[in-house]
Amino acid sequence: MKNKRARSAGEPADDINISPLIDMVFILLIFFIVTTVFVKEPGVEIEKPSAINSIDLPKNVILIAVTDQNNIFYGGRDYGLGGIRSQVRRVLAGNEEFPVIIQADQNAQAGTVVRLVDECKLAKARRIYVSTLK
């Protein structure tokens, strides 16, 4: 029993090694970052119309915005009606059940929104929704 002495009640305990705990926290952080699904926001501010009937959709969606100037944005870029079909087709890539949500400004022309729905259908999207406020 060399170099051991009796511990009195007022003395603090030995240091606790927390490095395994820190390692575990970093592993959990990496796990959550890798498994998190990132939704590409359209990149513009939209004033959505309100509706009585609405449903909540999953977070894995394609968000396309139509501004009040009838510009069409996906991922922060203005694609217009001519370029959005290829983007939707690329994102779907064999999974036509992936939902497409159109965030149309309440001042956007209905004709632009209808043509955008047609472009999404031509890109083989089967589930197309229009986003509203509850």
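Analyst: Two strands count as paired if DSSP finds at least two bridges between them. Helices (H or I, at least four residues) and strands (E, at least two) are DSSP runs numbered from the N terminus. This is a predicted model, so local features need pLDDT of at least 70 and side-chain atom pairs count only at pLDDT 80 or more, while totals for chains, interfaces and linings use all residues. Residues are numbered from 1 along each chain as its sequence is written, and side-chain values use heavy atoms, with hydrogens and water left out.

Let's start with β1. This strand covers residues 62-66 and pairs with β4, residues 100-104, in the parallel sense over 5 bridges. You can follow that pairing residue by residue: isoleucine 62 faces valine 100 in β4, and leucine 63 sits opposite isoleucine 101. With β2, β1 pairs in the antiparallel sense over 2 bridges, and here alanine 65 stands across from phenylalanine 73.

How well covered is β1? Mostly covered: 5 of its 5 residues are buried, where buried means under 20% relative accessible area, exposed means over 50% and partly exposed is in between (1.4 Å probe, protein chains only).

Most residues other than glycine have a negative phi. At a relative accessible area of 23%, asparagine 70 is partly exposed.

Zooming out, 5 strands form an open sheet with mixed pairing, in the order β3-β2-β1-β4-β5. β3 (77-78) and β5 (128-130) stand at the edges with a single partner strand each, so one side of each has no neighbour in the sheet.

Helix α2, residues 80-92, lies across β1, β2 (72-74), β3 and β4, running at about 25° to β2. Such angles run from 0 to 180 degrees between N-to-C directions, with axes fitted to C-alpha atoms, for helices over the stretch in contact; contact means heavy atoms within 4.5 Å.

What links α2 to another helix? Look at arginine 85: glutamate 119 forms a salt bridge with it, the closest N and O atoms being 2.9 Å apart. Arginine 85 is in α2 and glutamate 119 is in α3 (residues 110-122), so the pair ties together parts that are 34 residues apart in sequence. The structure holds 1 salt bridge, meaning a side-chain nitrogen of Lys or Arg within 4 Å of a carboxyl oxygen of Asp or Glu. Glutamate 119 counts as buried at 16% relative accessibility, whereas arginine 85 is partly exposed at 30%.

Next come two loops. Glutamate 96 sits in the loop between α2 and β4 and is partly exposed at 22%. Not counting residues up to four places away in sequence, glutamate 96 touches Lys124, Ala125, Arg126 and Arg127. Glutamate 96 and lysine 124 are 28 residues apart in sequence, yet their C-alpha atoms are 6.1 Å apart. Lysine 124 belongs to the loop between α3 and β5, is exposed at 53% relative accessibility, and has a positive phi of about 80° although it is not a glycine.

Now for a surface feature. A nonpolar patch takes in residues including Ile16, Leu21, Phe26, Leu28 and Phe32, and the whole patch has about 1,200 Å² of accessible area. Patch residues have over 30% relative accessible area and no salt bridge; nonpolar side chains (Val, Leu, Ile, Met, Phe, Trp, Tyr) are joined within 5 Å, like charges within 9 Å. Areas come from the Shrake-Rupley method with a 1.4 Å probe, and for residues only the protein chains shown count as cover. Leucine 28 sits in helix α1, residues 19-35, and is partly exposed at 42%.

For the whole chain, the 3 helices and 5 strands follow the pattern α-β-β-β-α-β-α-β. Buried residues make up 26% of the 134.
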